[in-house]
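Biologist: I am new to this structure and would like to learn how to read it. Could we go through it feature by feature?

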Amino acid sequence: MALLIPHARGTVRLPGRPAPERRTGHDLVLAAAVLALCAAGSVLVFSATRPRLQAAGDDPTSSVVRHLVSIVLGLGLAAVIALGDYRRLRMYAPLVYLLAIAGLALLLSPLGATVNGSHSWLNIAGISIQPVEFAKVALCLGLALVLAERREGTGTGFTHLEVFLACGLAAVPIALVALQPDLGSIMVLVAILAGVLVVAAVPARWIVGLAVTAVIGAVVVVQANLLSEYQVARFAAFANPNLDPSGVGYNANQARIAIGSGGLTGTGLFQGTQTGGKFVPEQHTDFIFTVAGEETGLIGAGAIVLLFALVVWRGCLIARRAPDLFGTLVAAAVVCWFGFQAFENIGMTLGLMPITGLPLPFLSYGGTAMLANFAAVGLLLNISANSSAAARLAYPTG
């Protein structure tokens with residue numbers, strides 16, 4: 001290509017030198033939506049943790065301060081990942097995947113710890129880490145690498161080998177997470193796999209076959225009594241909301257009471273009786289959305305849902321404008337991750353989905369999850385910044 005330079009008599013084209021490619025820039029709408037979710041989450045975490053800390057005689061701000069530290073660290077991680085060119089990450093994708101698998105495998109060692117019935121935490125030097133969160137990032141990169149290499153290298157369709165390899169990449173972390181057991185994270189990993197296969201245009205017979213296999217596997221797990229007792233109880237409470245409201249159905253029942261008491265405008269920040277009375281378990285993590293429903297009402301909770309919808313929409317645009325299939329698949333994987341996990345978390349507080357223990361991205365308290373979420377956002381921002389002007393013209397802006 002020739003280089004165009006300004007001149008007094010017009011534009012001069014210098015042959016033999018490529019024109020610099022204009023970039024679309026980082027998606028500031030996506031960044032603003034994520035920051036808004038983090039700001040809302042900080043307020044909700046403070047509201048949820050303050051009564052418990054005060055009752056214990058501890059500093060009521062200690063939890064929210066740690067939450068803010070996680071956000072700051074996450075912002076730094078996202079900034080580092082967003083710089084440069086995401087296509088260079090292709091060479092590091094196998095290493096990231098292997099490190100994530102190693103982290104999940106370490107849970108089987110004495111370093112693993114059980115929290116709330118799930119053996120999903122590593123205790124290293126007094127720091128608790130949940131490896132499955134980083135496994136989500138690794139799976140996004142690994143699946144994109146495997147499926148993009150075939151299409152971009154040959155321009156032909158997928159063979160059985162590529163699809164089997166992609167499914168195998170997902171099967172390893174899914175199997176390790178199943179040993180914990182962590183059903184919610186398994187659902188997220190499956191959602192990432194399914195979304196990437198669909199976006200990669202894998203033949204429909206593969207999608208149908210995998211769906212049938214998943215259904216058969218679920219039936220086998222139930223019939224063979226492979227689920228833990230508390231997981232079976234959660235599904236029973238989901239199927240029958242009135243089942244043992246003071247026992248297995250307590251969490252779901254209290255969550256619905258908290259959200260329902262908020263009405264249209266809510267009881268006001270820090271004025272929620274359910275939150276202040278500490279009736280909802282794990283309210284600063286898994287059930288953070290109940291604080292929004294009670295204290296900010298339908299308006300505030302609806303605004304959070306709209307912010308998640310905005311994140312998903314911008315992620316879809318980034319995937320569509322990506323200059324190569326690798327970027328498209330990475331962005332699509334992140335969108336499936338955020339979209340499904342937000343839907344599952346909010347749905348379980350409303351009684352629309354079974355309780356699985358998944359945190360709400362960017363709102364729930366938790367360091368590992370926050371870092372992994374920001375790493376994924378950094379990938380989206382990097383892909384957005386490196387989308388070419390040609391891609392921007394091909395896909396009109398939203």
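Biologist: Let us start with the rings. How many aromatic pairs does the count come to?

Modeller: Keep in mind that this is a predicted model. The count comes to 5 aromatic pairs.

Biologist: How is such a pair described?

Modeller: A pair of aromatic rings is described by the distance of the centres and the angle of the planes. Take Tyr86 and Phe326: their ring centres are 6.1 Å apart and the planes are at 10 degrees, so this pair is stacked. The two residues are 240 apart in the chain, with Tyr86 in the loop between helix H2 (62-82) and helix H3 (93-106), and Phe326 in helix H12.

Biologist: Are Tyr86 and Phe326 buried or exposed?

Modeller: Both Tyr86 and Phe326 are buried. For contrast in reading angles, look at Phe362 and Phe374, an edge-to-face pair with 5.7 Å from centre to centre and 80 degrees between the planes. Phe362 sits in the loop between H12 and helix H13 (367-385), while Phe374 is in helix H13, 12 residues away.

Biologist: Which residues have the most contacts inside the largest nonpolar core?

Modeller: They are Ile192, Trp337, Phe362 and Leu363, in a core of 88 residues. Helix H4 (residues 131-154) gives the largest share of this core, 13 residues. Another core, of 7 residues, lies apart from it and includes Ala258, Val280, Phe287 and Met348. Returning to Trp337, its contacts beyond four places in sequence include Val137, Cys140, Val188, Ile192 and Ala376.

Biologist: Why does Thr328 count as buried?

Modeller: The cut-off for buried is under 20% relative accessible area. Thr328 has 16% relative accessibility, so it counts as buried. Thr328 is in helix H12 (residues 325-350), and beyond its neighbours within four places in sequence it is in contact with Val199, Ala319 and Ala322.

Biologist: Now a helix. What span should the 28 residues of helix H1 have?

Modeller: At 1.5 Å a residue, helix H1 (residues 28-55) should span 40 Å, and its end C-alpha atoms are 41 Å apart, which agrees.

Biologist: Where does H1 bend?

Modeller: H1 bends by about 35 degrees at Thr49, with a proline, Pro51, following within four residues.

Biologist: And which residue caps the N-terminal end of H1?

Modeller: Asp27 does, with a side-chain oxygen 3.1 Å from the backbone nitrogen of Val29. After H1 comes Gly57, whose phi is positive, near 80 degrees.

Note on methods
Residues numbered from 1 in each chain as written. Predicted model: local features only at pLDDT ≥ 70, side-chain atom pairs only at ≥ 80, totals over all residues. Heavy atoms only, no water. Expected span 1.5 Å × (residues − 1). Bend = angle between axes of the 7 residues up to and from the residue. Polar contact = N/O pair within 3.5 Å; in protein donor to acceptor, adjacent residues only side chain to side chain. Buried < 20%, exposed > 50% of the residue type's maximum accessible area, 1.4 Å probe, protein only. Contact = heavy atoms within 4.5 Å. Core = buried A, V, L, I, M, F, W, Y, C linked by side-chain atoms within 4.5 Å. Phe/Tyr/Trp six-rings, centres within 6.5 Å; stacked < 30°, edge-to-face > 60°.
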